[in-house]
Each structure stands twice: as C-alpha cells, then as structure tokens.
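Hi everyone, thanks for coming.

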Amino acid sequence: MLPPEYAELFDPMQFNVWVKIDPAKVMGASAWYAQRSEHAGGKSVAARYLDCRDAARRGEYVSLEWILHLRQLPDALDSVPDFAVPGSAIVSDEPIVPDAQTPFCETHGILFTARLGCSVCKDPVWHKMPPGLRERLHRGEFP
Ligand SMILES: [Zn+2]
C-alpha cells in the first residue's frame, strides 16, 4: 500500500458523487445533510427538508458533497446513504454541476468538463481506473 501522499500525487483529480433522493426518504436525507453541515453552521433539518423535498419531487440529482479521488470511488459507491434511489449514483469531475449538456466519457463513466476533457482519458498513467468501477457508473439524466 502506498502512503496517502504518494497515492494522491498519482491520482490528483477529484470527483463528486450525485444521487437522486427517494421521495419516501426525504426526512432521512434532510437529517443527513443537516448533520453533515452542523459544525459549519449549516442549514437546519427544517431548511434542508424543503431543499430535499423539492429535489426529490423534481427527480433532480443532489451532490453528496463527497470530494474524492478516483481510488476512493468504489468504497464511496458502496456507502451511498440509504435515502438515495438505488442505482442512481453518478460521478462527475469536481467542481462542475452537471447538466444536460455535460459530456460523458463512455470509456470511464465520468461526467467531465467540456473545456478540459476527461481527465482519465487525458492522463491514464496518473489516473488508474479501479477494477470494476466503470461498470458501476452511468450517464444519468440531467438536469
Ligand atoms: Zn475517459
């Protein structure tokens, strides 16, 4: 196992995980987001509830606010919170907010920044795709 700093050097890009909220689990989602931001003076559960309810109603993707390296994505996909619609998790380059025009790399399963291209395609030596990850990723529907 490589020391973390070394692995980071060879896996420099960061990605964000997005899911859809199960409309029957809006309360759970609200509590999850409120708890995450509690120490940062974030929104209350009540305030989060409105955001989560609206996103669930509209079938929108919400960010899990997990900023991760490629090597961390398999574990992250295994621990998506249970308010997420099963199988809805998708991955984008950080910091983009994907929309219907965001390009998707069919080879790597990642939504990427049009201006920059897919970071894994551009630099496969630095970005090693964990085995089996591509099969778990999909385009989703945006917005
Ligand atoms: Zn690619």
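First, a quick term: strands here are DSSP runs of E, at least two residues long, numbered from the N terminus. Please keep in mind that this is a predicted model.

With that term in hand, find F15, which sits in strand β1. Is F15 buried or exposed? A residue counts as buried if 20 or more other C-beta atoms lie within 10 Å of its own. F15 has 22 of them within 10 Å, so F15 is buried.

Who are its partners? Setting aside residues up to four places away in sequence, F15 touches L68, L70, L73, V91, S92, D93, E94 and I110. Let's follow one of those, V91. Beyond its neighbours within four places in sequence, V91 is in contact with F15, V17, L73, G109, I110, L111 and L137.

Now zoom out to the largest nonpolar core, which has 24 residues. V91 is among those with the most contacts inside this core, along with V19, I21 and I110. At least two core residues come from each of β1, α2, α3, β2, β3 and β5. The largest share, four residues, is supplied by β1.

Finally, two helices. The axes of α2 and α3 come within 8 Å and cross at roughly 130 degrees, so the two helices are oblique to each other. Their crossing is right-handed. On the α2 side, the contact includes V26, M27 and Y33, and on the α3 side V45, Y49 and C52 are among the residues involved. Across this contact, ten residues are nonpolar, one is polar and two are charged.

Notes:
Residues numbered from 1 in each chain as written. Predicted model: local features only at pLDDT ≥ 70, side-chain atom pairs only at ≥ 80, totals over all residues. Core = buried A, V, L, I, M, F, W, Y, C linked by C-beta atoms within 7 Å. Buried ≥ 20, exposed ≤ 12 C-beta atoms within 10 Å, placed from the backbone. Contact = placed C-beta atoms within 7 Å. Axes fitted to C-alpha atoms, helices over the stretch in contact; angles between N-to-C directions. Parallel < 35°, antiparallel > 145°, perpendicular 65-115°, else oblique. Left-handed = near helix turned anticlockwise from the far one by under 90°. Nonpolar A, V, L, I, M, F, W, Y, C, P; charged D, E, K, R; others polar.
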